[in-house]
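Please read the following note alongside the sequence and the structure. The numbered points begin with a single residue and then turn to the fold as a whole.

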Amino acid sequence: MEFSSKLLEKAVNEMAQLPGIGKRTALRLVLHLLKQPAEQTHYLSQAITTMRDDVKFCANCHNISDVEVCEICSNTSRNQKIICVVEDIRDVMAIENTNQFKGLYHVLGGKISPIDGVGPSQLNITTLVDKAKSGAIEEVIFALSSTMEGDTTNFYVFKQIKEFNIKTSTIARGIAVGDELEYADEVTLGRSILHRIPFEISLKNN
């Protein structure tokens, strides 16, 4: 792809670093920005810069937040004794949209995947184990996607907290095997949470 401007080329190359964005799509987006009023593009760039510089991760659940403890964790009306374990913020958003879960979350920040070089030490597992040790929680709900990596991560975490006599469950398999939670419709996902099953039963079914 030949460019008449080095500035344009640089902008396109940077835009193309985003997931799912190829060079042609990046070019179309950059040209669109050039057609907009300058202040609109500046607002966009400032919003991205501010987010990158100022965004925080909740000290309690590792969810993305504007403050040290996110709004979900600081909400006293939530059930503080039930924790739903998810991969990332997209899963938190998907489950929250169902309005069926009133507990707290724990964001692992990924899934165990040796092929991608992701091991347990790179995920937020230790802090979840610490919560289990404290005796402050009664149930852990595993809500990772039903992929090989998701199942591996669920089993690893289960083994780490099994000795603390905490109820463990997993969302019902209304979510198809291999599906990511963020793509599930709200009704299906909501029912999967409400009709969750004991984790050990899910192991026998696999």
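1. In this predicted model, Glu14 has a relative accessible area of 52%. Glu14 counts as exposed because its value passes the cut-off of over 50%. The residue belongs to helix α1, which covers residues 6–15. Ala26 is twelve residues away from Glu14 along the chain, and the C-alpha atoms of the two are separated by 8.4 Å.

2. The protein as a whole has 206 residues, of which 36% are buried. Its secondary structure consists of eight helices and seven strands.

3. Which strands form the open sheet, and in what order? Five strands take part, arranged β4-β3-β5-β6-β7 with mixed pairing. At the edges stand β4 (104–107) and β7 (197–198), each of which pairs on one side only. Strands of a sheet pair through backbone hydrogen bonds, in either a parallel or an antiparallel manner.

4. Strand β6 (residues 167–170) and β7 run antiparallel and are joined by two bridges. Ser169 stands opposite Pro198, a residue of β7.

5. Two helices may be considered together with the sheet. Helix α4 (residues 89–96) lies across β3 (82–86) and β4, at about 160° to β4. Helix α6 (residues 148–161) lies across β5 (139–142) and β6, at about 170° to β5.

6. A last point concerns contacts along the chain. Among contacts in the protein with a separation of 6 or more, 56% are between residues 24 or more positions apart.

Notes:
Residues numbered from 1 in each chain as written. Predicted model: local features only at pLDDT ≥ 70, side-chain atom pairs only at ≥ 80, totals over all residues. Heavy atoms only, no water. Helix = DSSP H or I, 4+ residues; strand = E, 2+ residues; numbered from the N terminus. Buried < 20%, exposed > 50% of the residue type's maximum accessible area, 1.4 Å probe, protein only. Pairing = 2+ DSSP bridges. Contact = heavy atoms within 4.5 Å. Axes fitted to C-alpha atoms, helices over the stretch in contact; angles between N-to-C directions.
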